[in-house]
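Subject: The two-chain model for you to look at

Hi,

Here is the structure I promised to pass on. Have it open while you read, and I'll walk you through what turned up.

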Amino acid sequence: MKSRIKLLLAALSLLIAGTAHAAIEVFACSPEWGALTGEIAGNRAAVFVATTALQDIHRIQARPSLIARARTAALVVCTGADLEVGWMSMVQSQSGNDRIQLGKPGFLEVANFVPRIDIAGSVDRALGDVHPLGNPHIQFGPRQIQLAAEELTRRLVRIDPAGEGEYRARLADFTSRWSAATQRWLQLGAPLKGVTVIQHHKNFSYLFDFLGMRQVGSLEPKPGVEPTSAHLSELAEQQKIEPARLIVRASYQSPSASDWLAQRIKVPAIMLPATVGGSEGAKDLFSLYDDCIRRLLAAASG
Amino acid sequence: MRHPFMAAALAAAWAATGPAAAQTAELDQIRKDIQELRNSYESRIKALEDKLKDAEAAARTAQEAAARAETSATEAQSAAARGEAPTAPGGMTQQSSKSAFNPAISLILNGTWGRFGDDPSTRITGFAPSGGEVIPGRGGSLGESELFLSANIDPYFRGALLAALTPENTVEVEEAFFETLALGQGFTAKGGRFFSGVGYFNQVHPHAWDFADPSLVQNAFLGRNYGDDGAQLRWVAPLPVLVQFGVELGKGREFPGAGEVERNRNGAESQVFFANVGGDIGVSSAYQVGASHLRQRTATDGSAFLDYDDITGTSNLFQGRQRIDGLNFVYKWSPDGNPKYRNFKFVTEWFQRRYDGDFTFDTTGVAATDAMNAKQSGWYAQAIYQFMPYWRVGGRYDRLSHGNVGLNTNAANLTPPDFDPTRYSVMLDWNPSEYSRIRLQYNRDRSRQDLASGETITDNQLFLQYIFSLGAHGAHRF
């Protein structure tokens, strides 16, 4: 009997010890931030990823599961720049979690800490779903990812000071691997320099800028507005003046518009993973870039 | 004279061309050096340019950040409140301007063109009117224009106002509340006037409705959006699925609490309890189940029970307790959880309303008072399917059950009709963007009886509706 009680006590103390050392809960708005948190925090964080690469992050709803996960999160990592404007504020206000409210270290909007492109000079809804704070698809800027990693590390250290050493060591390791990979991508992507491309939505502008590719149009007549036949015909006409060599869509976008235009103007149309998990190859941030560049190279040389 | 000069010139020329091989190598070296220098400068210039670009972008970022009240201003403010440096890139201090703190403003414009076979103001037969019914008018009619303002007040509170500008040129305060941001542990408190957590659709703002009119049961029991002046406390359990409890205390400002009589009492006469459970089913589906209970006591002077059957034309009074129990279920599906191209939504709600108290028939005439015990219920189910981008189609079925209305001796004065109202609705809407919606709806309404003959009226109703949202992009509830 006594031994049983002892055993029970031991089990209980183990349980308590287990919860005391439990990983901090991180709510990542999208897979790239989940992957980045994994790079920096390793096993110190239990990451919940709210969306997938097959979902249009502009159109997510404040589902009950998101509110539940946000309730227990110590850190929320989102893109910001209004990308999650349709749902994140609702998740925050419903969660009852003071740690992840605006202005707290537990709410990180990465875009606030990185340079952004396509910042609209004038905004009006007649121009479509423009982002007044710039293009929010920053996961395809290597420099943006590096800056994000640094800010994420600062936040993790503030939230979980006990892990500072590990976070800093992991950041240093990530930084060296990332800068080496960045060099490699520049070399790998060298043949893509100057290649003209039409993309569905401006998902890959940062990547095209990085590789020196030239965007000559979008399938969407206006940001966030689905392609129309009139606009696609215009793009086909434009091909005579400024020919595009590639048409690119993201993993969550319907192929119908890009396939239609591809047939019409006789250039390859390809799908690129919108983020980590968008293709077989894109398993983490590194392979996301590898996969995208490989797909672009294959299409451009073909 | 000439020759020595020539010789010197030749010598000089020889001297110049003599070590030609050595010189070529040197020149190559110089060229190489220049090239290297150029390369290194180019890369350094490129690096400097990149730096400049980054700095410019960072400056721009800082500027915008300052111009945006919702993020950086609050961030900086709350950081300052905690005695920390602002977290702007490069440690830049953030500028501020008065307009940066303006609340988010959105304005809803809506209007309806309606065609009714029967007079739309005839009430649902056999159910005490909730007083807050929404019935679009005949012909062209402007709906209520909603003006919504919201902002964080400080790091601890958020505030919001929803004002309705009615077509009758009045302004109604629909919601005006504060909500806590910093309670933590899953708790959120709300105070002021707000839409109650009873049921599911009750909290959905009219511009986000899937049909031009509310369900019959919502109209009959709660009115458009039942709200109260009071306080709400919600708690979310720390679980991977949503488990939420809420309680509200209010003064019972609106029907069913107050009816036509203005309440003049201390204390909380109205209480609401609600619970929601919700989660995901795989990656494509999400659900939420809810239960709620609303209980109220009428004011001591009773609650006007105007013209219960719409026939006798008498003024009646009810005094006692009213309870409304509700159950609701919401299910949403989209392929891979991406609602962009196709999505499906199913909602069903059931309510039961009970009265226990005294009923006075014809307050101005015979004034016969006796006990009243009534139990009535109603439900609806609706399904909405977006079959391609911008286009949604939907159907809804409504049914009310007249249940038991025990009037005791007053049964001699008033006979509750033996009739269950029903209605079928179908709608098609076109949403060219997130900010605009144009809807066509058809109702086959059998919710009313002809007062003289007692026969059910089958009313074919047609609506053409527009809803436009201007300004800030609001976040919607599930």
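Predicted model: local features only at pLDDT ≥ 70, side-chain atom pairs only at ≥ 80, totals over all residues.

Strand S10 of chain B, residues 285-297, pairs with S12(B) in the antiparallel sense, over 13 bridges. Strand S12 covers residues 315-333 of chain B, and its antiparallel pairing with strand S13 (residues 343-361) runs over 17 bridges. You can check that pairing at two spots. Gln322(B) has Tyr355(B) as its bridge partner in S13(B), and Trp333(B) stands opposite Phe344(B) in S13(B).

S13(B) pairs with strand S14 of chain B (residues 368-388) too, again in the antiparallel sense, and here there are 19 bridges. One pair to find on screen is Gly357(B) with its bridge partner in S14(B), Met372(B). S13(B) and S14(B) make a hairpin with 6 residues between the strands, and in that hairpin Asp362(B) takes a positive phi near 60°.

If strands are new to you, here's some background: the strands of a sheet pair through backbone hydrogen bonds, and they can do so parallel or antiparallel. In a regular strand, side chains alternate between the two faces of the sheet.

**Two open sheets in chain A**

Now over to chain A, where the pairing is parallel. An open sheet is built from 4 strands in the order S2-S1-S3-S4 (chain A), with parallel pairing. Its edge strands are S2 (45-49) and S4 (107-109) of chain A, each pairing on one side only. From one strand to the next, the twist averages 20°. Strand S1 of chain A (residues 24-28) runs parallel to S2(A), and 5 bridges join them. For example, Ile24(A) has Ala45(A) as its bridge partner in S2(A). Helix H5 (residues 142-159) of chain A lies across S1, S3 (75-78) and S4 of chain A, at about 170° to S3(A).

Another open sheet of 4 strands has the order S6-S5-S7-S8 (chain A), also with parallel pairing. Why is one side of S6 (214-218) and of S8 (269-272) of chain A left without a neighbour in the sheet? These strands stand at the edges and each has a single partner strand, so one side of each has no neighbour there. The twist in this sheet averages 35° from one strand to the next. Strand S7 (residues 246-250) of chain A is joined to S8(A) by 4 bridges, and the two run parallel. Look for Ile247(A), which stands opposite Ala269(A) in S8(A). A helix lies across this sheet as well: H9 (residues 256-265) of chain A lies across S5 (196-199), S7 and S8 of chain A, running at about 175° to S7(A).

Still in chain A, find helix H2 (residues 31-41) and helix H6 (residues 164-188): their axes come within 7 Å and cross at roughly 115°. H2(A) brings Leu36(A), Gly38(A), Glu39(A), Ile40(A) and Ala41(A) to the contact, while the residues from H6(A) include Tyr167(A), Leu171(A) and Phe174(A). Sorted by type, the residues of the contact of H2(A) with H6(A) are 6 nonpolar, 1 polar and 4 charged.

**Where the chains meet**

How many residues of chain A are in contact with chain B? There are 52, and they touch 61 residues of chain B. The area buried between chain A and chain B is about 4800 Å², and carbon and sulfur atoms give 50% of that. The count of salt bridges between the two chains is 3. One of them joins Arg63(A) to Asp280(B), with the closest N and O atoms 3.0 Å apart. Across the interface of chain A and chain B there are also 18 residue pairs in polar contact.

On the side of chain A that touches chain B, the elements giving two or more residues are helix H3 (64-72), helix H4 (88-95), S4 and H5 of chain A. The largest share, 7 residues, comes from H3(A). By type, that side of chain A divides into 19 nonpolar, 17 polar and 16 charged residues.

Happy browsing!

Conventions: Residues numbered from 1 in each chain as written. Chains lettered and ligands numbered in written order. Heavy atoms only, no water. Pairing = 2+ DSSP bridges. Axes fitted to C-alpha atoms, helices over the stretch in contact; angles between N-to-C directions. Contact = heavy atoms within 4.5 Å. Buried area = accessible area lost by both parts, 1.4 Å probe. Salt bridge = Lys/Arg side-chain N within 4 Å of Asp/Glu carboxyl O. Polar contact = N/O pair within 3.5 Å; in protein donor to acceptor, adjacent residues only side chain to side chain. Nonpolar A, V, L, I, M, F, W, Y, C, P; charged D, E, K, R; others polar.
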